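The exercises below go through one structure, each with a worked solution. Look at the sequence and the model before starting.

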Amino acid sequence: MKLIQTPQDLAINGATPAFEQPLHVGRPNIGSRDAFLKFAEQILDRHWLSNNGPMVQEFEQRVADYHDVKHCVAMCNGTVALEIAIRALGLEGEVIIPSYTFIATAHALHWQAITPVFADINPATHTLDPEAVRCMITPRTTGIIGVRLWGRSVPVEALQTIADEHGLKLMFDSAHAFGCSYKGTMVGNFGACEVLSFHATKFFNTFEGGAVLTNDDKLAETMRLMRNFGFSGMDNVIHPGTNGKMIEIAAAMGIVNLDAITGMVEANRSNYLVYREELSGLPGIRLLSYDESERNNYQYVVIEISEECPATRDQIIQSLHAENILARRYFWPGCHNMKPYRELYPHAGLVLPNTKQVADRVVLLPTGTTVDAGTIQTVTSVIRVFVEDKA
Ligand SMILES: *Cc1c(COP(=O)(O)O)cnc(C)c1O
């Protein structure tokens, strides 16, 4: 790691990069290797690799307990979990979602011939604006999927009121929100159900994986059937289905990571606090704050670069990349600007001004258990020196 103090120290000006190895956003958080390898031995000894094995059953129980929710239905990934939840809820026609989300939220609908309709977000929170949702309701609308982007809060009550008024189903894409709370209640307890992702880059991973959390017994039962081809017993298929099963080795990783979760939250939180301290006072750079009265996983360090900043967002990303700091735009330029949806709705952007503003401003900075305070000080000094040099 190299000290960056003057513009001449910046790699973008020809100096050597601050980091020899690239520093990525979304490097996996991994618990005890020994514990994981011991579980792997047990799985091999049992010869039970998939199909609702003991690891998956224990994992589901522990994730449900952690979120204080009745059911956790574990799946092979978050996208299939979304698809199954959407289908189990009987959504069809049109479903309202934000455009500012990972593309899987839109694809999970489109994949099953449901039209995603994009509503704008609140620029302060980056999550759905209830009034914008209200404007997008048509006679074909059957549901709303709120996305807990960056694990931040979604206006649950306002969305539930709209859903109730119009007879719509409400569910949440909570892929970013493992271990987070809303007004003191854990994620998983809102709407009809909430979907988690355990992809390697998420706060909490099972290599690949996902789950649906719900308090609805019947919905959980339906989703359990659907993730296993609709099988009820050995030779009896009683429901349409797909293959959404989580495998044993993934559940083992999940259990190991659950055992390490307190340390992961602490590492992320202390990183967030260092970023907050180091970035304060820089003109036009806002760090998206966490509400410390809630449970948070602190996985996403999100900054917004506004016009008041002497450097543009993309210039700042370039200066970081030159130092081998692979900071990233995220969810830019919004789902509605990606080919499949741009062709469907060429004019969607007209009602998504906040989506555009946020997508054009956001940068994600590296954090996680593999990043320490010294590393963050180097990252922030690159930004500071670059921005001050432009001023
Ligand atoms: C990661 C993610 C998904 C998809 O989860 P996978 O496990 O990668 O399939 C869905 N929605 C959002 C918001 C995500 O970030």
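**Exercise 1.** How many residues line the second largest pocket, and which of them lie nearest its centre?

Solution. The model is a predicted one.
Step 1: The second largest pocket has a lining of 18 residues.
Step 2: Nearest its centre lie Arg152, Ser153, Ser289, Tyr290 and Asp291.
Step 3: The volume of this second largest pocket is about 260 Å³.
Step 4: Sorted by class, its lining holds six nonpolar, six polar and six charged residues.
Step 5: Domain 1 (33-259) and domain 2 (261-327 + 366-390) each contribute at least three residues to the lining of the second largest pocket.

**Exercise 2.** Describe the largest pocket and state where it lies relative to the domains.

Solution. 
Step 1: The volume of the largest pocket is about 700 Å³.
Step 2: Its lining has 38 residues, and Phe102, Thr201, Lys202, Tyr330 and Phe331 are the closest to the centre.
Step 3: At least two lining residues come from each of α3 (78-88), α4 (103-110), β9 (194-197) and β14 (362-365).
Step 4: By class, the lining of the largest pocket splits into 18 nonpolar, 14 polar and six charged residues.
Step 5: The largest pocket lies between domain 1 (33-259) and domain 2 (261-327 + 366-390), because both give residues to its lining.

**Exercise 3.** Which parts of the chain does the aromatic pair of Phe36 and Phe207 tie together?

Solution. 
Step 1: The model contains 22 aromatic pairs.
Step 2: Phe36 is in helix α1 (residues 33-46), while Phe207 is in the loop between β9 and β10 (210-214), so the pair links parts that are 171 residues apart in sequence.
Step 3: To sort the two residues by accessibility, take under 20% as buried and over 50% as exposed, with partly exposed in between. Phe36 has a relative accessible area of 16% and is therefore buried. Phe207, at 42%, is partly exposed.

**Exercise 4.** Describe the aromatic pair of Phe178 and Phe203, then find the cluster that contains both residues.

Solution. 
Step 1: Phe178 and Phe203 form a tilted pair, 6.4 Å from centre to centre and with 50° between the planes.
Step 2: Phe178 sits in the loop between β6 (169-173) and β7 (181-182), and Phe203 in the loop between β9 and β10, so this pair connects parts 25 residues apart in sequence.
Step 3: Phe178 is buried at 3% relative accessibility. Phe203 is buried too, with a relative accessible area of 3%.
Step 4: Both belong to one aromatic cluster, made up of Phe59, Tyr66, Phe178, Phe198, Phe203 and Phe204.
Step 5: Tyr66, a member of that cluster, has Arg295 over the face of its ring, at 5.5 Å from the ring centre.

**Exercise 5.** Which residue lies over the face of Phe172, and at what distance from the ring centre?

Solution. The residue is Arg148, at 4.7 Å from the ring centre of Phe172.

**Exercise 6.** Ala113 and Tyr298 have a positive phi although neither is a glycine. Is each of them buried or exposed?

Solution. 
Step 1: For Ala113, phi is about 60°. Ala113 lies in the loop between α4 and β4 (115-119).
Step 2: The relative accessible area of Ala113 is 71%, so this residue is exposed.
Step 3: For Tyr298, phi is about 55°. Its place is the loop between β11 (285-287) and β12 (301-305).
Step 4: Tyr298 has 4% relative accessibility and therefore counts as buried.

**Exercise 7.** Where is the cis peptide bond from Trp332 to Pro333 found, and what is its omega?

Solution. 
Step 1: Omega of the bond from Trp332 to Pro333 is near 5°, and the bond is cis.
Step 2: Pro333 belongs to the loop between β13 (325-326) and α11 (339-344).

**Exercise 8.** How far apart are Phe118 and Thr16, in sequence and in space?

Solution. 
Step 1: Phe118 is located in strand β4. With a relative accessible area of 3%, Phe118 is buried.
Step 2: Phe118 and Thr16 are separated by 102 residues in sequence and by 44 Å in space, taken C-alpha to C-alpha.

Notes
Residues are numbered from 1 along each chain as its sequence is written. This is a predicted model: local features need pLDDT of at least 70, side-chain atom pairs count only at pLDDT 80 or more; totals for chains, interfaces and linings use all residues. Side-chain values use heavy atoms; hydrogens and water are left out. On a 1 Å grid over the protein atoms alone, a cavity is a set of points where a 1.4 Å probe fits but cannot get out, and a pocket is an open set with protein on both sides within 12 Å along at least five of seven lines; lining residues have an atom within 4 Å of a point. Grid points are joined across faces, edges and corners, and a volume is the space filled by probe spheres set on the points. Helices (H or I, at least four residues) and strands (E, at least two) are DSSP runs, numbered from the N terminus. Ala, Val, Leu, Ile, Met, Phe, Trp, Tyr, Cys and Pro count as nonpolar, Asp, Glu, Lys and Arg as charged, and the others, Gly among them, as polar. Domain bounds come from an automatic or database domain assignment. Rings of Phe, Tyr and Trp (its six-membered ring) pair if their centres lie within 6.5 Å; planes under 30 degrees apart count as stacked, over 60 as edge-to-face and the rest as tilted. Buried means under 20% relative accessible area, exposed over 50%, partly exposed in between (1.4 Å probe, protein chains only). A charge sits over a ring if NZ of Lys or CZ of Arg is within 6 Å of the ring centre and within 35 degrees of the ring normal.
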